[in-house]
Amino acid sequence: MVQPAQAVSGSSLITVTAPSGAGKSSLLAALIQADSSLRLSVSHTTRQPRPGEQNGREYHFTTVDDFKKRLKEGEFLEHAEVHGNFYGTSRVAVLNQLNEGYDTILEIDWQGAHQIRRLFPETVSIFILPPSITALEERLNKRGQDSQEIIKQRIAAADEEIRHASEFDYVIINNKFDQALSKLAAIVQTARCRLTRQAIKNRDLFEQFGINCCNNQ
Ligand SMILES: Nc1ncnc2c1ncn2[C@@H]1O[C@H](COP(=O)(O)OP(=O)(O)OP(=O)(O)O)[C@@H](O)[C@H]1O
Ligand SMILES: Nc1nc2c(ncn2[C@@H]2O[C@H](COP(=O)(O)O)[C@@H](O)[C@H]2O)c(=O)[nH]1
């Protein structure tokens, strides 16, 4: 069986999933600010940028045609249609980050997390739950970056998304932000230790992804 991406470099691959508004971006921003060896992967999306979002920072914003072209060319490690938009993770960008020694977090939906788990079975997966659907709606309204129509669509999808929580390695309830952040940090730390122990050299994977760097783990 092909070993996980961390087998390439000794770096860990971690997925974080949550319904829209549960607070995953806020938690991950705080986590990454405190830890310079952690990196987030910047996905491609066909969604319109929200106020304040910058191309290349939150996402690589693109068109449906361009996304489909990239998909056809095999550019994505995983991809999914979520809330009527396409999202995908760049294979090269993630493998480069891992190869450079950064533990890498993919902030992706449950469908993408399934695909990553199939590709790299040792990936650690985390699901963030809101304390309630009411809290989710309040957070999306308070964030004030989406139309009422989009907020309704995302709340309607949350129920189905949450049904997948039990498929993940860890579930965190983001009620009190600081407590959720501490739990997330502890899980990420545990995941790194576990994955580092499991790290192996896998020359097939090196060849498959054209990676020419090799470390001594
Ligand atoms: N524990 C918390 N308590 C109260 N508000 C929170 C908490 N965590 C995050 N928030 C707020 O909830 C809103 C949604 O958070 P965030 O944007 O991080 O969610 P998200 O899961 O990344 O959503 P999306 O998938 O739509 O981008 C933000 O305004 C954020 O400040
Ligand atoms: N499968 C993937 N899902 C992704 C990716 N990037 C983001 N997402 C998920 O989409 C929804 C909506 O995100 P938003 O920024 O529009 O609120 C959310 O669940 C994200 O986690 C990706 O590359 N692949």
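Start by selecting strand β8: Val124, Ile126 and Ile128 on one side, and Ser125, Phe127 and Leu129 on the other, are all buried, so both faces are covered. Buried means that 20 or more other C-beta atoms lie within 10 Å of a residue's own; exposed means 12 or fewer, partly exposed is in between, and C-beta atoms are placed from the backbone. Helices (H or I, at least four residues) and strands (E, at least two) are DSSP runs, numbered from the N terminus.

This is a predicted model: local features need pLDDT of at least 70, side-chain atom pairs count only at pLDDT 80 or more, and totals for chains, interfaces and linings use all residues. Residues are numbered from 1 along each chain as its sequence is written, with chains lettered from A and ligands numbered from 1 in the order in which they are written.

**The strand and its partners**

Stay on β8, residues 124–129. Because 6 of its 6 residues are buried, the strand is largely enclosed by the rest of the structure.

Find Thr15, which stands opposite Ser125 in β8.

**The annotated site**

Zoom to Gly21, in the loop between β1 (13–17) and α2 (24–33). Is Gly21 buried or exposed? Gly21 is buried, because 24 other C-beta atoms lie within 10 Å. Beyond residues up to four places away in sequence, Gly21 touches Pro130, Leu136, Arg139, Leu140 and Arg154. Contact means C-beta atoms, placed from the backbone, within 7 Å.

Move to Lys24, in helix α2. Lys24 is buried too, with 23 other C-beta atoms within 10 Å. Leaving aside neighbours within four places in sequence, Lys24 is in contact with Val16, Ala18, Glu107 and Ile128.

**The helix pair**

Finish with α6 (133–143) and α7 (148–162). Their axes come within 10 Å and cross at roughly 155°. The two helices are therefore roughly antiparallel. Look at where they meet: Ile133, Leu136, Glu137, Leu140 and Asn141 in α6 against Ile151, Arg154, Ile155 and Ala158 in α7.

Technical notes: Two residues are in contact if their C-beta atoms, placed from the backbone, lie within 7 Å. Two strands pair if DSSP finds at least two bridges between them. Axes are lines fitted to C-alpha atoms, for helices over the stretch in contact, and angles run from 0 to 180 degrees between N-to-C directions. Angles under 35 degrees count as roughly parallel, over 145 as roughly antiparallel, 65 to 115 as roughly perpendicular and the rest as oblique.
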